[in-house]
Amino acid sequence: MSVPKSRILDLMKVQCRIFSMTFNPTGTRTGNKILRQRLKGPSVASYYPRRAATIKDLTNLYPDLETWDEDEEERLEFLAYKKARGKGAPKKKKSAGGEAILQALNFRGDFID
């Protein structure tokens with residue numbers, strides 16, 4: 001004596017409702033296993049120590065306050081030294097080619113002012 005397939009599917013629906021599972025009779029991949037897992041972000045974030053406030057944070061919070069960042073000054077001095085020797089970053093390209101691309105994008109309607 002065989003049980004009809006519809007009866008088995010009804011039983012599976014009830015079982016899934018009782019045990020808070022998703023009903024998936026065809027067995028398609030839904031990613032539900034991954035979505036049910038506990039989030040890893042909070043445990044990873046708690047592993048690393050909290051970030052201490054930097055001079056840049058203070059400058060952003062209080063722009064009228066005069067601060068002096070030794071590391072930033074050293075970095076700017078090094079960039080000026082490299083630029084004086086001709087080893088700095090190249091200048092940005094300013095040619096008709098760039099304008100033609102902007103005009104083409106504006107013509108198509110992709111670029112919004």
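1. R51 is exposed, with a relative accessible area of 65%. This is a predicted model. R51 forms a salt bridge with D57. The closest N and O atoms of the two are 3.1 Å apart. R51 falls in the exposed class because its 65% is over the 50% cut-off.

2. How many salt bridges does the structure hold? The count is 2. Beside the R51 and D57 pair, E72 forms a salt bridge with R75. Here the closest N and O atoms are 2.8 Å apart. Both residues sit in helix α5, 3 residues apart, so about one helical turn separates them. E72 counts as partly exposed, at 26% relative accessibility. R75 also counts as partly exposed, at 43%.

3. Now look at helix α5 itself. It covers residues 70-85, which is 16 residues. At 1.5 Å a residue, α5 should span 22 Å. Its end C-alpha atoms are 23 Å apart, which agrees.

4. Check both ends of α5. At its start, a side-chain oxygen of D69 reaches to within 3.4 Å of the backbone nitrogen of D71. After the helix comes G86. The phi of G86 is positive, near 85 degrees.

5. Step back to the whole chain. It has 6 helices and 0 strands. Along the sequence the pattern reads α-α-α-α-α-α. What share of the 113 residues counts as buried? The figure is 2%. The chain exposes about 11800 Å². Carbon and sulfur atoms supply 58% of that area.

6. Find the nonpolar patch on the surface. It is formed by V14, I18, F19 and M21. Together they have about 420 Å² of accessible area. F19 lies in the loop between α1 (5-18) and α2 (32-36). Is F19 buried or exposed? F19 is exposed, because its relative accessible area is 57% and the cut-off for exposed is over 50%.

7. Last, the aromatic rings. The count comes to 1 aromatic pair. The rings of Y47 and Y48 have their centres 5.2 Å apart, and their planes stand at 90 degrees. The pair is therefore edge-to-face, since that label needs planes over 60 degrees apart. Y47 and Y48 are both exposed.

Technical notes: Residues are numbered from 1 along each chain as its sequence is written. This is a predicted model: local features need pLDDT of at least 70, side-chain atom pairs count only at pLDDT 80 or more; totals for chains, interfaces and linings use all residues. Side-chain values use heavy atoms; hydrogens and water are left out. Helices (H or I, at least four residues) and strands (E, at least two) are DSSP runs, numbered from the N terminus. The expected span of a helix is 1.5 Å times one less than its number of residues. A polar contact is a pair of N or O atoms within 3.5 Å; within protein, one must be able to donate a hydrogen and the other to accept it, and residues adjacent in sequence count only if both atoms are side-chain atoms. Buried means under 20% relative accessible area, exposed over 50%, partly exposed in between (1.4 Å probe, protein chains only). Accessible areas come from the Shrake-Rupley method with a 1.4 Å probe; for residues, only the protein chains shown count as cover. Rings of Phe, Tyr and Trp (its six-membered ring) pair if their centres lie within 6.5 Å; planes under 30 degrees apart count as stacked, over 60 as edge-to-face and the rest as tilted. Patches are made of residues with over 30% relative accessible area and no salt bridge: like charges are joined within 9 Å, nonpolar side chains (Val, Leu, Ile, Met, Phe, Trp, Tyr) within 5 Å. A salt bridge is a side-chain nitrogen of Lys or Arg within 4 Å of a carboxyl oxygen of Asp or Glu.
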